[in-house]
Amino acid sequence: MDNLIYEALGIGLLLGTLLGLTGAGGSLVALPLLLSLHLPLRDAIGVSLGAVGLSALIGAIGRWRAGDVHLTPVVLLTTSGLPGSWIGQQLGQLISEFWLVLGFCVLVLWSAWRMWSNASLPEESEKKPMNRGMLVFIGLWVGVLSGLMGVGGGFLIVPALLWFSPLSMLAATATSMAVIALVSGAGFLMYLGAAQPPLQLLAGLTMGGACGVLLGNKLATRLGGPMLQRIFAIMLLSVSLSLAAQKLFTAAV
């Protein structure tokens, strides 16, 4: 059981650092690693939501004080994301693990390609207007994916904020953490209604995530937007390939 605490601390530290650095990626790393601890997929999804939600809350508070969190996108994404999370949890009971993992990997690879491509483009001098309708639509899908796969949705939120709002990369990552804290937290509470995850696992993930997100916040303020996007894209690619190798290819052998 002691090993479980140390492993949970390590997973929490990694997911928190990525969350603070890029505004996403915590759950993308947490889910495969929790599965490697031989947790059932449904339990791994629920525990991932709790760890990511609390880590994002801690990170968002610090970035709020720095003035990086923007309320309008938070409200738009969260109000559509909360019902989406419930829908996702209901769908998760009907879809097999293979198709869940396959869809997860494809979506992450697409996001990585888009982020890497955008990092190579010159920064636009004119700020884009906020497209509220697209943000509401993205928020709904973020909620569905949160409930379905245990992901915070930052890998969709950050690109959406860059494409459909005037926010900078630094502001997008901070705003993303606020949305993740609310949507993932709500999903975790729904999960707790039907499960009892190991308390030591949750405690280790929470402590590691809290330390990691504070570290990631400090790193994010020292790196430029294009560098953050490339780090984000590489992280997405590595996690997708790792999960595919672990769950898809080994199952096919």
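Contact here means heavy atoms within 4.5 Å. The model is predicted: local features need pLDDT of at least 70 and side-chain atom pairs pLDDT 80 or more, while totals for chains, interfaces and linings use all residues. Residues are numbered from 1 along each chain as its sequence is written, and side-chain values use heavy atoms, leaving out hydrogens and water.

**Surroundings of Thr173**
- Thr173 is located in helix α8 (residues 169-192); helices are DSSP runs of H or I with at least four residues, numbered from the N terminus.
- Leaving aside residues up to four places away in sequence, Thr173 touches Leu21, Thr22, Gly23, Arg63 and Val158.
- Thr173 is buried because its relative accessibility is 0% (buried is under 20%, exposed over 50%, partly exposed in between, with a 1.4 Å probe and protein chains only).
- The side chains of Thr173 and Arg63 are joined by a polar contact of 2.8 Å.
- The Thr173 side chain also reaches the backbone oxygen of Leu170, at 2.8 Å.
- A polar contact is a pair of N or O atoms within 3.5 Å; within protein, one must be able to donate a hydrogen and the other to accept it, and residues adjacent in sequence count only if both atoms are side-chain atoms.

- Phe137 and Trp141 both belong to helix α6, four residues apart, or about one turn of the helix.
- Phe137 is partly exposed at 44% relative accessibility, and Trp141 is likewise partly exposed, at 45%.

Terms used: Helix = DSSP H or I, 4+ residues; strand = E, 2+ residues; numbered from the N terminus.
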